[in-house]
Amino acid sequence: MTLRVAIDTGGTFTDVVAIDDENGEQYVVKTPSTPSDPSVGLLNGVREIVEIAGRSGSDVGQLLHGSTTATNAVLEHKFDGLGLIVTKGFRHMIEIARQSVPDGYGNSFFWVKPPRLCPLHLVREAAARMDHNGEIIDELDEEGVVVAIDELVEQGVNCIGVCLLHSYANDAHEKRIGALIEERHPGVFYSLSSVVLPEYREYERAMTTLIDVLVKPYCKTYLQNAADEIRSEAGQIPFLIMQSNGGVVRHETAGGKPVTMLLSGPAAGVLGAIHMSRLAGFDDILTLDVGGTSTDISLVSKLTPQMTSYSMVEHYPVKTPMLDIVTVGTGGGSLAWVDDYGGLKVGPRSAGAVPGPICYSRGGTKPAVTDAAAVLGRLPDALVGGGLKLDIPSSQKAFDELGERFGMSAEEVAAGVFEIAAANMVHGIRQVSTTRGSDPGAYALVSFGGAGAMFATDVADFLGMKTVLSPPNPGNLSAYGLHVCDVKQDYIRTLVRQQSKADATEIEEQWRELEETGRAAVASEGVAPGDIELLRSADVRYVGEGHEVSVAIAAGKTGTHAIEFMWNDFHRVHDESFGFEYKGEQDVELVNLRVQAVGRASRPEVKKKLDTDAQASPSGTRNVFWRETGWIECPIYDRESLAIGQRVTGPTIVEEYGSTVVVPTSWSARADQYGNLILEKV
Amino acid sequence: MAGKNAKTTLGPIELEVITGTIRSAELEIEAAVERTSRSPMIRDQHDYRVALFDAKGRKLTGRSYSALVEPVFEYFDDGDIHPGDVFFWNDPYNSCGGIGHVPDLCTTVPIFHEERLIGFSQVFGHHDDVGGAVPGSLPVDARDMWAEGLVIPPIKLYDKGVLNEAAYKIVFRNSRLGEHLRGDVDAEIGAALLGSRRITAMAERYGIDALESAFDTILENCAATIRRELLPKIKNGTYTWEDFVECDGVERDKIHAFRLTMTKTDDKIFLDFSGTDPEAAGPINWPIDYADGKFIRKFMAPVLRSLADSPERAAEIDMNEGAIDVLEVKFPEKGTLVTPTFGKPTGMRFFLFLRVLGTFAGALAKATGGRMPADHETIRIWGMHGGRNQDEFYLFREVLGGGGPGRPWADGSDVVHIVPNSRNLPAEFSETRYPIRVEKLGLARDSAGAGYRRGGFGYNKQIRTLGDATLLSNADRSFINCYGVNGGKAGGLYGVTIEQPDGSEVEAPGMSDDRVVPAGGIVKLQTTGGGGWGDPLAREPELVCYDVLCGLVSPDAAQSDYGVVVAKDGNAFVVDEAATGALRTKLAAARGELNMFDRGPVVDDLRRKGEIDWPEGWQDPDEGWHAVDADGRSDAERAA
C-alpha cells in the first residue's frame, strides 16, 4: 500500500501530484514555494498531500522531484566565492569567451560584455599540458597548484571549477587537482570539467563547470535537508530528482553534478505529454506548455523527445544533455500594450501571478491575454469550478480603450491579441522544428499548462497542423510527468576520428568503457539488471562541418556492427536533417561517443473513464467572438460529461476545472477513454 | 481562415505578426546556413549575411547589412525573373556596390505568390577559397581583381529550377577547397528558399495588399525612429573627419585617407566622400559608387544607434532600408578608394569598412559633444597553411577581434568582433584539426586605450606550428592606432612576430602572405586595443587598481596613463591616494588642454612633419577640437 508522490517546485508555487499505486487514484495539491530553502516547501507539499490522501508519511513509497530553483540561483547572480583553475597560458579564457557580440551588426559599438561568472583575479593557472590525444606534454606542477588553491581559498573562494585543456581525453591532471583541493580544504566545493562535461571546446566546458560548482552548495544542501526529513518520516525510500535529460537519478547523484538539474524545469511536462500521447496513439508531437508568463515548446519524434546539449542561462553557455525546449515570452498573463510608435505588442511584459489579469480582480489594471479571452467569450463567468469569479466588464472596458486607439472594437483587438500571441508561439515552434529540419505539419500539437488549450488551434492553423491533443488536468501535467520518468544517465567522450583512418577496436573499447560506467551507475540507483538498457549513439559529421548530427545505434548492435552502422547511417541522418548527403564523396568524422544508461521505471496506470452510451448535451450556450466570422452563439460542453468517442464540432467551448478548450469552426473534438480531447481539422 | 478571403487592409495585428514573422524568418535562414554550411569561416566565424527584401529590392531586415538585389533588376529583364530562379554573383564591379570582394558569393532567390513577385531572399557568405593567387583568395599584393579569384558576374545558377551545371562545375573547380565551397553554396541556396516560404505564407494569410503595406510601414517606422530618437542628439551643421588605411600591400610606404564631410540638418544627414585619396595599387579599394550609394547608406546607418538613450534601446533599433530616407551620399569623381576604376583589387576592402564607420563616428563625435564611442578595429584575418601536397593541404584561418571602444556608458569590451555572433576557434578544436599548438590565449597587457572609460583589450595569442607552414596576415592598424575620443587615448597596435625555433624573433608586416614559419616556430599575435573615451585622469583610481591586480594594466602604465599610483599589498594592490592626487595634478598641468581626438604617435608625427597632404579646401579636421564635459564645455571654456 504505497503512495507515489511527485513534487514540481516552481519559482512561485509547488505542485504536488500523488498517485495511489493500488487503485490509480490521483491527488493534487498546490502550495507556496520557499526559494531560499526549497526543501521546506517540498516537505509541506508532501505532508499536505499525505493528509488529503488520508494516509500517513510511512505510506509514501517513492518521492520524485523536479525544480527550477537551481536556475534561479544562477539568475539571481549568486556568484560569490567562485574560483577557476585553467591551463597555463589560458588565464583570460573566460574573459575572451568566443569573442562574439550578439545579434545585430554595429552592436560592437555599444554592446557591453556582461560580467564574467568568475572575476579575473580569482582565475589561476596550472602548469600542465596535454595534447588532443591525451598524451602528456608537460607534467602537472603540483607545487604551483597548491599555491594557487591556497591563494584562492584565502581570498574567500569556496567553490572551485577546474578546466584544463584536453582533459576530456585524459583526466589525470584534473583529478590530481581535485584531490589536492580535498586534501587541503575539505569544506571547499569543486567541480572538474572532465567529470561535468568530457567534451572538447574549452570555453563552453569551463563555463558549464563553473555553473555546476556555483549551484552545488545550494542544491546539495537543500536536497540533503529534504532527504533527511523524508527518511525520518518515511524511512529509506527512493528520492529521485529530475534532470534536464528527462530522466531521474538519486538525490546524491544529482547533488554531485547539479548542472544536470539546471534546465529540468519544463522537462517533466514534456514527459507527461509523451505519456498521454502514447495512450492516445500519437507518436510525433509538438508540445505547447503555456504558462502565465511564457510558453515552453519542444518536438518529439516517435515518442522520443528531441535532445540538445547547448543552452544559455542568461548570458552563460551551459552544455549538458537536455530536452530541446524553446521558451517564448508569451503566456496567459502576457500584457497587451502599445509601444512608443503606436504598435500593438503582446508580452514579454506580464501581469504575473500578482497582480494578474484585470478580470481576476487582484489589483491588475493592464489588459492581459486572459482578459482578451474573457472579452471574446472564451472564458466562463468563473474559473476553477466556480471558485474564481471573473470581472469580465472590467476586461471589456480595458479592451474598449485599447480598441479606440486603433479604431477597432474591443473584440477585434482582443481577437488580434490572440493572433499575435499565437504568432509568437509559432516563431518558437519554428525554432524547434524547421530550424532543425522537421516540418511541423507532420506532427500533432499537444497543448497543456492552464492556458494551452485556448491557443492550440490558432497555433495549429498557422502551421498547417491538423491535430491537437488536449490531455486532462493540463495544469498538472508537469507534476504528473515526474511519475513516468525513467532513471537516466548520460555519458559522453570526445574521440575525433576520421572514417578513413579510424581504428574500430579503439572506438569499441571506448564505447564499452562508457557502457560499463553507465551500467554500474544505474545499478547503484537500485535498478534491477534486467531493467537496464544501454543506448549507444555518436555525434558525427562530414570533415569540416561545424555541427554534428546524432546517430542512434540500433539496439543490440556492438563491435564492428555498431561501428559500421554508425558510419553508414550517418549519411541517412544527415540527409534527413539537412536535406543532402555526400555518401562516397566525402570523408566522415566521428566527434563524440555517447551512451545513455536507462533504468526502466514502472509507470502508474492511468485510470480509464467509464464507458457510457449517454452522449453529453451542451451545458449551455455563450456568445463567442471569432476573428473570421464575428459573434456566434456557441454551445458549451462540460469536459467530464463527454462520452468516450463523442465528437463535438466547432465553434464550441469545452470547459473543465482549471482549463478551457477552444474549438473553432472547421475543427472538431472527441473524447477518448483516458480523458484526452482530440481536436481535428475538418 | 486563410487564403483569398483574408483581410486585405493592414491593421496593427497584421503589422505585428508580419514584422515578427520577418524577424523569425531571418533567424531561421541564419540557423539553416549555420546548420548546413561547411567552412569554418561561415559556420564559426559567422561571416555571412542574410536578408529579406520586398519586390522593389528594399531591405526589410536590419540584423546585418547584406548585399543588394539591384543586380537582378539591372542584369535581367522584368519578365526574366521566375519561380525557381537562383541568382548568383560575386563581381565587385557588377553588383551595384553590394559585394565588396571576390570571396563573397551571393545567392538571391525571388519570392512569388500566385505568380506575382513579392520579394527576395538573399544569403551571401565569405567563402574559404575561390581561387586566385594564394590560398584563402586574399593575396596582399594583388594588383587587380583577377588575382583574387574567380569573378562571377550576375548569372542564374538555377533557371526556373534547372541547375546551370556548367557554371556550377566551373565555380567549384576554381576553388582550392571545392567541396567545401559546394557545401556552402548548397546550404546558402537551401536557406534562402526556406526564408522565402515564410513570406509566401504571410501573403496567403493576409493577402498581398496587406503584406506590401506592412513592408512600407516597417521601412517608414525605421526612418521615423531615427528622426525621433537619434537625429535630435546631433547638432545641425557641417563637420569633416578622416582616417587612414596604412598599407595597400603593393605600394607599402603610402598611407591612404578616407575623408568625410557630414552635414546634418533637422531631418537628414548628407555624407560627402570628396577629398578621399586616389585608388590604391593594392587590394584595399572598395567600389561603392553605384545604385545611389544604397549599399553604403545602409552600411553606415547602424553607427547612429550608438546615440540611443541606452545600449539596450540601441539594440532594439532595427536599421532596414528605411534608413536611406535619412542618409544621403555624394561620391567623388571616379578613381578614388571608394570609386575605383574597373578591375582594381578589393580583397582587403574590410579595412575601409572600418575606416568608413569610424570616420562617421568621429564626425558624429564632433556633432554630439563627444558622446560617441571611440574607435575599434575588429576584423583582421590571420592564418597558416601548409602540407606537402594537395592531399595534406590545410588552411587554418581565423578572424581575430580586437578591443571594443570606450564609450560614455562603459569600458570597451575585450576582444570583440564587429561581425555579430562571430566566434573564435577553440584551441581544442584547432589542435585537433590542424598541426598546431596554442601556447597562449590571452589579453594583451596595456593594449587598451586609456580613458575615463578605457577601451577593451586586444588579444595576445601565440601558436606553435608543428610542421613547416606559411603565415597569412591581412591586418591594418599595425602602426596607426585606433583613435580615442573626448580626451581618451588611442588603443594599442596590431603586431605579428615569428619566433624561430632557435628563439630569435622576426616581426612580420600586417600585410603578409609569404613568411615561412618553420616547424616548432611560434606565431605571436597581438591585436588592437579599443580607443579610450574621456579623460583618463578622471578614471576612478580603484578601477585602475583592479586592472593592475588582474595584470591587464602595468603599474607603470597606471602611473603614466592614468596618474594612479598603486602599491602591492600581499596578493593585492592598493591605491596610494596621496601620491595619486599629486601625480594627477602634475600630469594635468603638463598636458595642457585635452584634445577631442587622439590618433596615437604616428599620426601626430606625420602631422608634425607635414606629411599628410590635405586636398584643396581641407585642413586637419582634428585641429581646434577639444574634449568637453557633460555640459559640452572644453577646459578652456570652463576656465573662462
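Chain A of this predicted model is divided into four stretches: domain 1 (3-74 + 219-261), domain 2 (75-218), domain 3 (489-599) and domain 4 (620-672 + 676-680). Domain bounds come from an automatic or database domain assignment. The centres of domain 1 and domain 4 of chain A, taken over C-alpha atoms, are separated by 36 Å. Residues are numbered from 1 along each chain as its sequence is written, and chains are lettered from A and ligands numbered from 1 in the order in which they are written. Because the model is predicted, local features need pLDDT of at least 70 and side-chain atom pairs count only at pLDDT 80 or more, while totals for chains, interfaces and linings use all residues.

Chain A holds 17 helices and 35 strands. Helices (H or I, at least four residues) and strands (E, at least two) are DSSP runs, numbered from the N terminus. The radius of gyration of chain A, taken over C-alpha atoms, is 26 Å. The globule rule, 2.2 Å times the number of residues to the power 0.38, gives 26 Å for 682 residues, so chain A is as compact as a globular protein of that length. Its C-alpha trace spans about 80 × 65 × 60 Å along the principal axes. Of the 682 residues in chain A, 53% are buried. A residue is buried if 20 or more other C-beta atoms lie within 10 Å of its own, exposed if 12 or fewer, and partly exposed in between, with C-beta atoms placed from the backbone. Two residues are in contact if their C-beta atoms, placed from the backbone, lie within 7 Å. Among contacts in chain A between residues at least 6 apart in sequence, 65% join residues at least 24 apart.

The contact between the chains takes 60 residues from chain A and 73 residues from chain B. On the side of chain A, the elements giving two or more residues are helix 3 (93-96), helix 4 (107-110), helix 8 (202-234), strand 20 (344-350) and helix 13 (410-432). Helix 13 of chain A supplies the largest share, 7 residues. By class, this side of chain A has 23 nonpolar, 22 polar and 15 charged residues. Ala, Val, Leu, Ile, Met, Phe, Trp, Tyr, Cys and Pro count as nonpolar, Asp, Glu, Lys and Arg as charged, and the others, Gly among them, as polar.

Chain B is assigned domain 1 (3-224), domain 2 (373-535) and domain 3 (539-593). The centres of domain 2 and domain 3 of chain B lie 27 Å apart, taken over C-alpha atoms. Their contact takes 8 residues from domain 2 and 8 residues from domain 3. The domain 2 side has 4 nonpolar, 1 polar and 3 charged residues.

Chain B contains an open sheet of 5 strands in the order 13-14-20-17-18, with antiparallel pairing. Two strands pair if DSSP finds at least two bridges between them. Strand 13 (436-443) and strand 18 (505-508) of chain B stand at the edges, each with a single partner strand, so one side of each lacks a neighbour in the sheet. Strand 17 (residues 495-499) of chain B is joined to strand 18 of chain B by 4 bridges. There, Thr497(B) has Glu507(B) as its bridge partner.

An open sheet of 4 strands in chain B has the order 12-11-15-19, also with antiparallel pairing. Its edges are strand 12 (394-399) and strand 19 (511-517) of chain B. Strand 11 (residues 381-386) of chain B runs antiparallel to strand 12 of chain B, with 6 bridges between them. Ile381(B) stands opposite Val399(B) in strand 12 of chain B.
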